[in-house]
Amino acid sequence: MELPFETALRGYDMRAVESLFAEVDRALAIDSAVSRAAARDALRGASLRRRLRGYEMGQVDAAIDQRLASLALPDTPSGPA
């Protein structure tokens with residue numbers, strides 16, 4: 001899997017990032033409520049290790065925020081309109 005992140009000194013572990021994003025992208029493709037919830041939990045609970053050489057942290061963090069927005073629950077009405 002190739003992600004659009006630059007490599008940097010002291011970046012996130014590349015394998016961990018690739019694994020996380022593969023799981024999330026599968027959930028987005030399947031579009032199942034259960035898989036989307038699991039992907040949201042995985043993103044929120046991700047504890048990515050830093051390595052001497054890894055993916056640029058700011059780019060990965062921004063992509064995590066974007067994926068969380070994509071996985072957000074649709075707005076539901078909160079009562080009579």
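Phe5, Phe21 and Tyr55 together make up one aromatic cluster in this predicted model. Two aromatic pairs are counted, and Phe5 takes part in the pair with Phe21 as well as in the pair with Tyr55. A further topic of this briefing is helix α2, which spans residues 33–44.

**Aromatic pair Phe5 and Phe21**
- The ring centres of Phe5 and Phe21 lie 5.6 Å apart with their planes at 65°, an angle over 60 degrees, so this pair is edge-to-face.
- Distant parts of the chain are linked by this pair, since Phe5 sits in the segment before β1 (7–12) and Phe21 in helix α1 (residues 14–30), 16 residues apart.
- Both Phe5 and Phe21 are buried.

**Aromatic pair Phe5 and Tyr55**
- Between Phe5 and Tyr55 the ring centres are 5.4 Å apart and the planes stand at 65°, so this pair is edge-to-face.
- This pair also links distant parts of the chain: Phe5 precedes β1, while Tyr55 belongs to strand β2 (residues 50–55), 50 residues apart.
- Tyr55 is buried, as is Phe5.

**Helix α2**
- Helix α2 consists of twelve residues and reaches 16 Å from its first C-alpha to its last, close to the 16 Å expected at 1.5 Å a residue.
- The buried residues in α2 are Ser35, Arg36, Ala39, Arg40, Ala42 and Leu43.
- Viewed down the axis of α2, these buried residues fall within an arc of 160°, so they line one face of the helix.
- The buried residues of α2 pack against α1 and α3 (57–70).
- Exposed residues Ala33, Val34, Asp41 and Arg44 are carried on the face of α2 turned away from its buried side.

How values were computed
Residues numbered from 1 in each chain as written. Predicted model: local features only at pLDDT ≥ 70, side-chain atom pairs only at ≥ 80, totals over all residues. Heavy atoms only, no water. Phe/Tyr/Trp six-rings, centres within 6.5 Å; stacked < 30°, edge-to-face > 60°. Helix = DSSP H or I, 4+ residues; strand = E, 2+ residues; numbered from the N terminus. Buried < 20%, exposed > 50% of the residue type's maximum accessible area, 1.4 Å probe, protein only. Expected span 1.5 Å × (residues − 1). Arc of directions from axis to C-beta. Contact = heavy atoms within 4.5 Å.
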